[in-house]
Amino acid sequence: MAGEPQADCLFCKIAAGDVPATIVRETETTLAFRDISPQAPTHVLVIPKVHYSDAAELAAAEPVIAGDVLREAGQVAADEKVDGTGYRIVFNTGPGAGQTVFHAHAHVLGGRDLQRLV
Ligand code: AMP
Ligand code: ZN
């Protein structure tokens with residue numbers, strides 16, 4: 001069923017506490033943890049605890065939780081003190097855009113010069 005945990009999903013396992021992660025923030029609906037392969041001094045992933053394959057599917061089904069993910073991304077940036085210099089929130093969507101884990105997640109990147117992308 002939509003939103004239900006998926007047995008083969010790494011981020012569902014992290015959300016359930018079955019796979020360890022370095023958790024930096026948690027709310028009723030979201031979890032934020034450090035990326036295992038950081039691409040910047042701050043590289044934190046924010047996930048909804050419910051399973052949707054990407055950010056757009058999450059927003060379509062659970063717009064309040066999608067908002068929670070964005071708000072938490074901002075809180076991570078503030079906690080990490082990168083909000084002053086600037087940071088980037090990235091939602092890779094689909095294999096052609098580099099998505100490798102098909103459970104919606106925001107990358108929060110900061111702490112170095114981030115080249116303008118678009
Ligand atoms: P994406 O490629 O946008 O789907 O992002 C998936 C991210 O998850 C990548 O940046 C990986 O480095 C990260 N990742 C994969 N496995 C883990 C893990 N066990 N703990 C934390 N981050 C992970
Ligand atoms: Zn999942």
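**Salt bridges, sheet and zinc site**

Trainee: What is the N to O distance where the side chains of Arg 25 and Glu 72 meet in a salt bridge?
Mentor: A salt bridge requires a side-chain nitrogen of Lys or Arg within 4 Å of a carboxyl oxygen of Asp or Glu. For Arg 25 and Glu 72 the N to O distance is 2.6 Å.

Trainee: How many residues apart in sequence are the parts that this pair ties together?
Mentor: Helices (H or I, at least four residues) and strands (E, at least two) are DSSP runs numbered from the N terminus. Arg 25 belongs to strand β1 and Glu 72 to helix α3, so the parts tied together by the pair have a sequence separation of 47 residues.

Trainee: Which pLDDT do local features need in this predicted model?
Mentor: Residues are numbered from 1 along each chain as its sequence is written, chains are lettered from A and ligands numbered from 1 in the order in which they are written, and side-chain values use heavy atoms, with hydrogens and water left out. In this predicted model, side-chain atom pairs count only at pLDDT 80 or more, totals for chains, interfaces and linings use all residues, and local features need pLDDT of at least 70.

Trainee: Is Glu 72 buried or exposed?
Mentor: Buried means under 20% relative accessible area, exposed over 50%, and partly exposed in between (1.4 Å probe, protein chains only). Arg 25 has 22% relative accessibility and therefore counts as partly exposed. Glu 72 has a relative accessible area of 3% and is therefore buried.

Trainee: Which residue forms a salt bridge with Glu 80?
Mentor: The closest N and O atoms of the two side chains are 2.8 Å apart, and the partner is Arg 34. Glu 80 lies in the loop between α3 and β4 and Arg 34 in strand β2, so parts 46 residues apart in sequence are tied together. Glu 80 is partly exposed at a relative accessible area of 22%.

Trainee: Which residues are linked with Asp 68 in a network of salt bridges?
Mentor: Asp 68 forms a salt bridge with Arg 71, with 3.2 Å between the closest N and O atoms. The two are three residues apart in helix α3 and therefore separated by about one helical turn. Asp 68, at 12% relative accessibility, counts as buried, whereas Arg 71, with a relative accessible area of 43%, is partly exposed. The network links Asp 68 with Arg 25, Arg 71, Glu 72 and Asp 79.

Trainee: Which strands stand at the edges of the sheet?
Mentor: The open sheet has five strands in the order β1-β2-β3-β5-β4, with antiparallel pairing, where two strands pair if DSSP finds at least two bridges between them. A single partner strand leaves one side without a neighbour in the sheet, which is why the edge strands are β1 (23-26) and β4 (87-90).

Trainee: What angle does the direction of helix α3 make with that of β3?
Mentor: Axes are lines fitted to C-alpha atoms, for helices over the stretch in contact, and angles run from 0 to 180 degrees between N-to-C directions. Neighbouring strands of the sheet are turned by 20° against each other on average, direction ignored. Helix α3 (residues 63-79) packs on this sheet and touches β1, β2, β3 (42-48), β4 and β5 (106-110), contact meaning heavy atoms within 4.5 Å. The angle between the directions of α3 and β3 is about 160°.

Trainee: Which residue of β5 is the bridge partner of Leu 45?
Mentor: β5 pairs in the antiparallel sense with β3 over five bridges and with β4 over four bridges. Five of the five residues of β5 are buried, so the strand is largely enclosed by the rest of the structure. Ala 106, Val 108 and Gly 110 point one way from β5, and His 107 and Leu 109 the other way. In β5, Val 90 has His 107 as its bridge partner, and the partner of Leu 45 is His 107.

Trainee: What is the geometry of the site of the zinc ion (ligand 2)?
Mentor: Donors are N, O and S atoms within 2.8 Å of the metal (3.2 Å for Na, K and Ca), and since water is not among the atoms, sites may look incomplete. The protein donors here are Cys 9 (SG), Cys 12 (SG), His 51 (ND1) and His 103 (ND1), at 2.1 to 2.3 Å from the zinc ion. Four donors count as tetrahedral if all angles lie between 85 and 135 degrees; four count as square planar and six as octahedral if opposite donors are over 155 degrees apart and all others between 65 and 115, and anything else is irregular. The four donor atoms make angles of 107 to 116°, and the site is tetrahedral.
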